[in-house]
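Please read them with the structure open.

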Amino acid sequence: MIKIARLFLALVLVFLYLPIIVMAAMGFNASPLYALPFDFTTHWYQELAGNGRLIEAGWNSIWLAVLTAVIATALGTLAALALWRRTFRGRSILRILLLPPIAIPWLITGTAMLVFFFWTGIGRGLHAMLIGHVALAIPYVVLVVGTGLQTLRADLEEAAMSLGSTPIHAFFRVTLPLLLPSIVGAALFAFAVSLDQFVISYFLSVPGMTTLPVEIYSAIRKGFTPEINAISTILLVASMIIILGFARFARPGGIGERS
Amino acid sequence: MSGVDVTAVAKNYGATKVLTDITQNFESGTFTSLLGPSGSGKTTLLRIIAGFVAPDEGAVRIAGADVTGVPVHARNIGMVFQSYALFPHMSVAANVGFGLGRRGIRGKAAKAQVDEALEMVRLPGFGGRYPRQLSGGQQQRVALARAIVIRPDVLLLDEPLSALDRRLRQEMQVELLRIQRESGLTTIFVTHDQEEALTLSDKVAILDRGRIVQMGRPAEVYERPRTRFAAEFLGDANFLTGKVRGSAVEIAGATIMTEDRLPAEGATVTLAVRPEKIAIRPAETARSGAVENSLPATVSSVIYTGTALTYMLRSGDLHLKVFAQNSDGSPLAAGSAVVLSWSARHSVMVEG
Amino acid sequence: MPPEASAAGLPATRRRMPSWLATAALLLPSYAWLTLAVLLPLAAMFAFSFLHATPLGNKPVVWTLEQYRAFYDQPYLLGVAWASLSIGLWTTGICAVVGFAAALALVRATAGRARETLLILVLLPFWTNGLVRVFSWTMVIREGGFLDVFVRWFWPSAPSLGFLYTTPAIVLGLVHGYLPYMVLTCYIALLSVDEAVIEAAQSLGARWWTVLFKILVPLAAPGLVTGAILIFVPVIGAFMEPRILGGRVGVTMGTVIEDQFTQAFNWPLGSALAFTMLAVVLAVFATFSGVLRRSATT
């Protein structure tokens, strides 16, 4: 029984990883038509280095992710402190209001942003994407930091205050250092959410102001070479590393349990 | 001079009255236990004295100064929390030195005081360790050292021993008492463990539904409980309810004597008798007239615990409980006819 | 005597900010941002769904309910909705069976570090780019792709098994994308099942299938339902997976809505369709909110 179960788990992992591995391998195959047998080359990665369009989209993605992580982490941490450390009327409603960006299909959120930003004159482009990405990332940050706050006992702050700390001193000396892993985890998470975000970016992009996933999508739709495999592999590996970093800081089950 | 005064303090959470009109002086240098079941308001009272909770009414004075509007951090209190609340990211020395730092004492002077405090709680040389490397009892001592090193005006203990197992708890009770005596700190200790309260305290305050129903020396409160609740919560008690007849109380046909001043003829009163104050003898060997009160009864069951015996008895409609020493190794069997006897001064009149 | 004097050497008391003000200051930035970027846009889109045409240039604004009649006026949309629904149901169903089994295998057949590593390995793809993963499948299931090469290794003259640009291809890609959700929610639910309950059932004579269907599945039901919602909701809004894996057959509500915004430029119709979909989503949430709430507290 246990052997069958483990075999099944192995098959699930093969299912999850096989296409990714095949895709990555094809980025090292010489044939532009993905023909086999396999003929190892780094040609497509070199091509990539000279592809200004993809490189620029890549930098856009990175900058967007960095800014999203910084802004969403700052804002979301403050909100988490209020939502998990203070009692006030309407707290549960505010917690529920965090859900729409996570729970409503991105297609709806994205098109709604498109309509609203166009209508109000905010327009489309990287600034619009930043507004959208931060809004998507804030709920995740609040939940990750909130989970951290929940496991952090409130009596530590009280202990500091009983020893003469002002609330602000207690926050910086006790709460913040202990919360830091969650905050770093949340920042990495926000970074990954932004880096991998496609739907919102797709609706808010304008030619010349796109992100990597949007460029990859248009390449897939309009015909592509293994260069796309190369850039996709890089993107995939990057987000895996970031998420593994997140998992180190915050427990993997944490988000699912609380959301 | 120092000491804590609580004057007419009240606290409500919505419609729930947590504390009602508490006025109490906690004398300088004494160890006072706040004893009560959960929900009696004892922890709220402690947190009002600490400053974590603002009272709706009334005032708190610590060491003579009114601190009612003063935030926690400016009150100069020492507090030990139920879960110790040691800072997990700081070493033991940093934990103990935290309060000193807030008082501007740093460097060598602080180190000397930290070492002294760790010495006092018998953890010398533990300064470099981290809380997670310590056992529960050791964490407890560090929490205590951290609270006393700042020489607070009052030491507040919020059920600090409840997380320890029984043996360690008894050991820590002795330690706590020694440290309190050595430091001479005014100490307020919240507990729901009556034995702990009796062992440790100079004074015991019994709380019931937001009021202090009785406060006094442990023996005083135990021997002369003022209310039915106090008698029941602190120790065990048999309650006998009857009507005043002359200078005694008539209960289920028997006449029970008490030394307490009784109300007018015919009034209904309740007497509390501690189970260990009652002597139990087989009916045939009982001498009459030797003690003031005697009551025939039948043993309904015996609980054998080795050193002691607990008899559950019936006398007419009354159900009684008696603790006896297991002195001759042959407990009375269920169904035996017995005579219970006790002295008049052990019939204590209680309210309610 | 001023209060500060009671505590020698302690920092002086300053006037504190009122509590509600501090709370508001902490909350305002996040919620203002969410309002600007999510709530107001949704409201604006709701308003747009009642317009006759996209308000461009000097065209007059005409309010109408006609967009919500789309399913009546354009019956082919019913077919599209049915296609979306069946893709959603197939995906959710396959994810439920495979995900529950995988979670069960994780909980009952692994332990300690190995289990932790396996869980991370299962969840990891979920947080990588969905687009790239969908693209990966085209490498495998197209004609002459990896699947064909693999099969022809054993049977050189095999016909092509490639099924790119079919509905099963879309379902496959979506299952790949959302399976980790189901594994996670079922894993959490199964983790809380007491070993003693299973042993009790066995002691009463239950065989493995009785234990599975009478004990494990009912006890893990909150996890299954949560997972199903978390999968069904985004799947019926999917448009990128049907486009890439479905080709010409990949017409779903998601792609139709996308078209209104990017090709047809009929924003009012797109908005109305999006809000119809949102109504379905909310109905799903409302129906199962009790289960969701219960599983959120465990």
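1. Helices here are DSSP runs of H or I with at least four residues, and strands are runs of E with at least two, both numbered from the N terminus. The model is predicted. On that basis chain A has 13 helices and zero strands. Read from the N terminus, its elements therefore run α-α-α-α-α-α-α-α-α-α-α-α-α under the DSSP rule. The C-alpha trace of chain A spans about 70 × 60 × 30 Å along its principal axes.

2. Turn to the contact of chain A with chain C. How many residues of chain A are in contact with chain C? There are 89, and they meet 78 residues of chain C. The two chains bury about 7600 Å² between them. Carbon and sulfur atoms give 83% of that area.

3. Which element gives the most to the side of chain A that touches chain C? Helix 1 of chain A, residues 2-26, does, with 16 residues. By class, this side of chain A holds 71 nonpolar, eleven polar and seven charged residues.

4. Now the polar side of that interface. Between chain A and chain C the count of salt bridges is zero. Polar contacts do occur: nine residue pairs, with both partners at pLDDT 80 or more. Please keep that confidence limit with the number if you quote it.

5. Next, chain B against chain A. Here 20 residues of chain B are in contact with 18 residues of chain A. The buried area is about 1700 Å², and 66% of it lies on carbon and sulfur atoms. Three residues stand out: B:H73, B:F98 and B:R102. Together they supply 33% of the area that chain B buries against chain A, more than any other three residues.

6. How many salt bridges cross the interface of chain B and chain A? The rule finds one. It joins A:E158 to B:R47, and the closest N and O atoms are 2.5 Å apart. Six residue pairs are in polar contact between chain B and chain A, again with both at pLDDT 80 or more.

7. Which elements of chain B give two or more residues to the side that touches chain A? They are strand 6 (77-80) and helix 2 (92-102). Helix 2 of chain B brings the largest share, three residues. By class, this side of chain B has twelve nonpolar, four polar and four charged residues.

8. Rolling a probe the size of a water molecule over the atoms shows where empty space is left. A search of the whole structure finds one cavity of 30 Å³ or more. The largest cavity has a volume of about 40 Å³.

9. What lines the largest cavity? The residues are C:S84, C:I87, C:G88, C:I170, C:L174, C:V235, C:I236, C:A238, C:P242 and C:T252. Seven are nonpolar, three are polar and no residue is charged.

10. Several helices of chain C meet at this lining. Helix 3 (76-109), helix 7 (167-191) and helix 10 (221-236) of chain C each supply at least two residues. Helix 3 of chain C gives the most, with three residues.

Technical notes:
Residues are numbered from 1 along each chain as its sequence is written. Chains are lettered from A and ligands numbered from 1 in the order in which they are written. This is a predicted model: local features need pLDDT of at least 70, side-chain atom pairs count only at pLDDT 80 or more; totals for chains, interfaces and linings use all residues. Side-chain values use heavy atoms; hydrogens and water are left out. On a 1 Å grid over the protein atoms alone, a cavity is a set of points where a 1.4 Å probe fits but cannot get out, and a pocket is an open set with protein on both sides within 12 Å along at least five of seven lines; lining residues have an atom within 4 Å of a point. Grid points are joined across faces, edges and corners, and a volume is the space filled by probe spheres set on the points. Ala, Val, Leu, Ile, Met, Phe, Trp, Tyr, Cys and Pro count as nonpolar, Asp, Glu, Lys and Arg as charged, and the others, Gly among them, as polar. Contact means heavy atoms within 4.5 Å. Buried area is the accessible area (1.4 Å probe) that two parts lose on being put together, summed over both. A salt bridge is a side-chain nitrogen of Lys or Arg within 4 Å of a carboxyl oxygen of Asp or Glu. A polar contact is a pair of N or O atoms within 3.5 Å; within protein, one must be able to donate a hydrogen and the other to accept it, and residues adjacent in sequence count only if both atoms are side-chain atoms.
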